[in-house]
Amino acid sequence: MIKSISSFDIKNKRILIRVDMNVPLENGIVEDNFRIKASLPTIKYCIKNGAKIILMSHLGRPNGVVNDKMSLMPVGEILADLLEMPIKFSHDCISEDAHDVTLGLKSGEIHLLENLRFSNDEIKNGKDFSFALAKHGDIYINDAFGTAHRSHASNVGITKHFTHKGIGFLLEKELQNFNSLIRKPQKPFVVVLGGAKIDTKLALIDRFLNIADKIIIGGGMAFTFMKAQGKDIGNSICDDSLLKEAEHILEKSKNANKLVLPKDFICNRSLDDKSEPIEFDNKNIGKDFMGLDIGLQSINRFKDILSNAQTILWNGPMGVFEDKKYENGTKAIANHIVDLTEKGAISIVGGGDSASALKKYDIREKITHLSTGGGASLELLSGNTLPATYALEL
Ligand code: AMP
């Protein structure tokens with residue numbers, strides 16, 4: 001059993017919350033405050049109930065080195081704006097000064113600690129580091145779904161030092177949404193996968209062959225399956241080390257006819273090639289060409305299949321959507337998922353790139369559940385235990 005923050009008496013207590021405020025920063029400006037906003041329900045609950053709040057998060061990959069470009073200070077400013085109140089900030093997570101600031105907090109006040117990953121002990125799950133972090137709180141709450149698939153000091157090591165520990169409302173909501181997707185999705189249930197990396201998605205496909213009605217594969221990952229089918233994929237990206245596994249999945253899905261691959265592609269000689277892209281069908285991609293988006297036939301076929309769905313899970317773009325020339329597939333599928341959501345389907349989207357695509361097309365608010373964790377959601381959906389939630393089991 002994992003306790004929810006709502007089961008604790010938090011009045012006047014120091015609540016140490018692991019949040020996920022790993023947001024994109026450009027020249028010190030927060031480019032997307034989605035994750036900060038997603039953390040607000042737990043923080044506001046703590047304020048309302050008279051707790052003293054200490055927030056800790058990582059941002060980017062500073063590799064154990066203090067780097068002003070990855071400071072959480074701009075995040076603190078956004079948080080202060082959103083909450084319309086001042087926030088105390090410490091330039092170090094475990095210094096005496098930082099602990100003093102925590103000890104001086106009054107009920108309803110917030111203390112934000114600097115980027116956890118300025119110390120390598122965070123990702124190494126260092127014992128002394130987690131012990132020193134734990135000194136900030138009477139109760140430990142994890143609300144960071146985005147890192148729940150990692151075993152770090154602030155989400156796993158630290159839990160040993162608390163009798164009173166649990167999860168916040170965001171993590172609770174993420175777990176509920178994904179667990180109900182696995183246990184009782186409303187049918188028909190269609191999964192749409194894309195992106196470049198196939199290794200993180202194969203276990204999910206294998207498992208969902210039994211759960212989903214159709215699994216649509218687009219993006220760069222489709223080419224590993226196509227090569228496993230013996231098709232010529234030209235210069236398209238492919239993970240040769242996973243061909244055997246892809247073959248096994250294709251074989252397993254054959255009778256039920258569940259896996260749907262693209263029929264055609266928008267191709268070019270390279271991503272930087274300035275020439276007009278050329279369309280190829282999936283049987284004869286030119287030798288020197290690489291598939292960079294799905295073609296019109298594939299878009300229409302995928303849309304057709306999705307039209308019947310009552311539940312849709314989407315993770316990964318259909319092509320290199322960052323480039324206007326190769327965004328059509330991702331844009332069309334994203335907009336179609338939104339249309340279906342408006343008509344009553346449940347849509348769940350995970351993965352940083354799918355979230356960026358939704359933001360690019362200004363349709364993020366129209367999805368039923370946009371997850372804050374791409375990697376964590378893939379792990380959970382693949383049937384793996386998340387170390388951070390396992391550490392909170394009582
Ligand atoms: P992932 O992290 O696995 O979800 O991959 C996301 C990335 O996949 C995005 O940055 C896309 O540009 C990239 N991508 C999607 N389709 C393709 C493709 N056909 N070839 C190369 N990269 C792709």
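**Strands, ligand and loops**

Modeller: Strand β4 and strand β6 (residues 110-113) run parallel and are joined by 3 bridges, where strands are DSSP runs of E with at least two residues, helices are runs of H or I with at least four, both numbered from the N terminus, and two strands pair if DSSP finds at least two bridges between them. Before we go on, keep in mind that this is a predicted model, in which local features need pLDDT of at least 70 and side-chain atom pairs count only at pLDDT 80 or more, while totals for chains, interfaces and linings use all residues. Residues are numbered from 1 along each chain as its sequence is written, and side-chain values use heavy atoms, with hydrogens and water left out.

Colleague: Okay, and which residue in β6 is the bridge partner of isoleucine 54?

Modeller: That partner is histidine 111. Strand β4 also runs parallel to strand β1 (residues 14-18), and 5 bridges join the two; in that pairing, methionine 56 of β4 stands opposite arginine 18.

Colleague: How many residues of β4 are buried?

Modeller: Strand β4, which spans residues 52-56, is mostly covered, with 5 of its 5 residues buried, meaning under 20% relative accessible area, whereas exposed means over 50% and partly exposed lies in between, using a 1.4 Å probe and protein chains only. Lys52, Ile54 and Met56 point one way from the strand, while Ile53 and Leu55 point the other way, and the residues on both sides are buried.

Colleague: There's another sheet too, so what is the order of its 6 strands?

Modeller: The order is β11-β10-β9-β15-β16-β17, the pairing is parallel and the sheet is open. Its edges are formed by β11 (259-260) and β17 (369-370), each of which pairs on one side only. At the β11 end, that strand and β10 (residues 214-217) pair in the parallel sense over 2 bridges, and the bridge partner of isoleucine 215 is leucine 259 in β11.

Colleague: Switching to the ligand, how many residues surround it, and which are the closest?

Modeller: There are 15 residues around the ligand, and the closest are Ala196, Lys197, Lys201, Gly291 and Glu322, where a residue counts as near if one of its heavy atoms lies within 4 Å.

Colleague: What about polar backbone atoms, say that of lysine 197?

Modeller: A polar backbone atom of lysine 197 is 2.8 Å from an oxygen atom of the ligand, and a backbone N or O atom of alanine 196 lies 2.9 Å from a ligand oxygen. Lysine 201 uses its side chain, in which an N or O atom is 3.0 Å from an oxygen atom of the ligand. A polar contact here is a pair of N or O atoms within 3.5 Å; within protein, one must be able to donate a hydrogen and the other to accept it, and residues adjacent in sequence count only if both atoms are side-chain atoms.

Colleague: Now the backbone: is the peptide bond from lysine 187 to proline 188 cis or trans?

Modeller: That bond is cis, with omega near -10 degrees, and proline 188 lies in the loop between α5 (169-183) and β9.

Colleague: Is glutamate 84 buried or exposed?

Modeller: Glutamate 84 is exposed, with a relative accessible area of 73%, and its place is the loop between α2 (73-83) and β5 (88-90). Aspartate 362 counts as exposed as well, at 67% relative accessibility, and is found in the loop between α11 (352-360) and β17.

Colleague: And where does asparagine 268 lie?

Modeller: Asparagine 268 lies in strand β12 (residues 264-268) and counts as buried because its relative accessibility is 1%. Leaving aside neighbours within four places in sequence, asparagine 268 is in contact, that is, with heavy atoms within 4.5 Å, with residues including Asp273, Ser275, Phe289 and Tyr326.

Colleague: Last one, which residue's backbone oxygen does the side chain of lysine 325 reach?

Modeller: The side chain of lysine 325 reaches the backbone oxygen of aspartate 273, at 3.1 Å. Lysine 325 is in the loop between β15 and α10 and is partly exposed, with a relative accessible area of 30%. Beyond its neighbours within four places in sequence, lysine 325 is in contact with Ile266, Asp273, Lys274, Ser275 and Pro277. Lysine 325 and leucine 271 are 54 residues apart in sequence but 9.8 Å apart in space, C-alpha to C-alpha.
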